[in-house]
Amino acid sequence: MPEKGTIVFGHSPDADDAFMFFGLAEGVVKIEGYEIGHHMVDIQSLNLLAESGDLPVTAISAAHYPKIADRYRIMSCGASVGRNYGPVVVTVRDDLNLEDLAGCTVAVPGENTTSWMLFQIFGPARVRPLFLDFDEVEGAVKSGRAEAGILLHEGQILFEQRGFKFLLDLGKHWFAETGLPIPLGLDVVNRSLGEELCTSVATALRSSIAYAHANEDAALDYALGYGRGIEREDGRRFVRMYVNDDTLDMGDEGVSALQRLFGMAAANGIIDEVPPLDVVRPR
């Protein structure tokens with residue numbers, strides 16, 4: 001790995017991931033000696049692929065890193081980070097409040113997602129999770145299959161327009177408890193690539209993100225091809241939320257936030273132990 005001079009980047013079909021990839025997709029940013037490919041599937045599928053180490057580079061849910069730390073290193077760029085915002089818990093029932101959710105079914109966008117880890121830390125205990133693809137969560141709540149659901153991606157900013165009642169912003173709750181940003185997604189690079197190539201990959205990804213920022217309208221045009229029909233300015237708002245200065249470099253604060261997240265997860269019995277945080281920084 002990588003085979004035949006191609007480095008494949010795994011990322012989700014979401015506007016923020018596509019925005020980050022714009023410079024690489026356009027061929028403006030290159031990795032010397034390699035072609036760039038991409039493998040695009042939902043984040044839960046990427047989480048599962050990472051367990052086998054099949055992809056040279058991939059996006060994952062931050063919560064999934066403890067399970068794949070033996071195969072991948074964290075890149076300091078490419079993280080989807082929220083500062084006082086994040087996934088939201090919603091319902092369609094006017095008679096239901098957050099404290100009423102114990103014993104209820106909650107639609108969850110993937111068992112390995114950071115949103116589910118945060119809910120297990122901060123949400124009511126003894127809920128019944130219904131694990132679904134993220135794009136099935138809204139329908140499950142509206143149909144009554146679940147009393148509440150956790151919304152990711154553009155659902156976080158459009159839930160009121162779509163007829164949902166707000167129960168909890170997991171990113172805001174995290175910030176109130178910790179004062180730290182919340183890294184929801186990470187980009188990781190396979191250890192098998194070796195130190196020099198891992199660094200080159202991280203450097204290229206950061207350059208791709210910087211190029212997208214510098215050419216926002218063109219990058220947004222490209223990204224909205226993966227935005228599931230979201231309106232342009234809503235897409236711009238969503239991309240700016242999750243492709244920000246922290247995405248260029250999560251810094252020591254981002255690493256501290258990951259350490260805190262995994263520490264809280266271990267204390268709550270969600271993971272066995274806190275993994276070493278092996279971070280690759282661009283040149």
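Just after helix H7, Gly179 takes a positive phi of about 70°. Helices here are DSSP runs of H or I with at least four residues, strands are E runs of at least two, and both are numbered from the N terminus. This is a predicted model, where local features need pLDDT of at least 70, side-chain atom pairs count only at pLDDT 80 or more, and totals for chains, interfaces and linings use all residues. Residues are numbered from 1 along each chain as its sequence is written, and side-chain values use heavy atoms, with hydrogens and water left out.

Back to H7 itself. Leu170, Gly171, Trp174 and Thr178 in this helix are buried (under 20% relative accessible area; exposed is over 50%, partly exposed in between, with a 1.4 Å probe and protein chains only). Looking down the axis of H7, those buried residues fall within an arc of 100°, so they line one face of the helix; the arc is taken from the directions from the helix axis to the C-beta atoms.

Next comes Pro181, in the loop between H7 (170–178) and E11. Pro181 touches Trp174, among others including Val81 and Glu253 (contact means heavy atoms within 4.5 Å). Strand E11 (182–190) holds Asn190.

| Residue | Relative accessible area |
|---|---|
| Pro181 | 1% |
| Asn190 | 6% |

Finally, two polar contacts (N or O atoms within 3.5 Å, one able to donate a hydrogen and the other to accept it within protein; neighbours in sequence count only if both atoms are side-chain atoms). Asn190's side chain reaches the backbone oxygen of Gly53 at 3.1 Å. At the start of H7, a side-chain oxygen of Asp169 comes within 2.9 Å of the backbone nitrogen of Gly171.

Methods:
Lists of a residue's contacts leave out its neighbours within four places in sequence.
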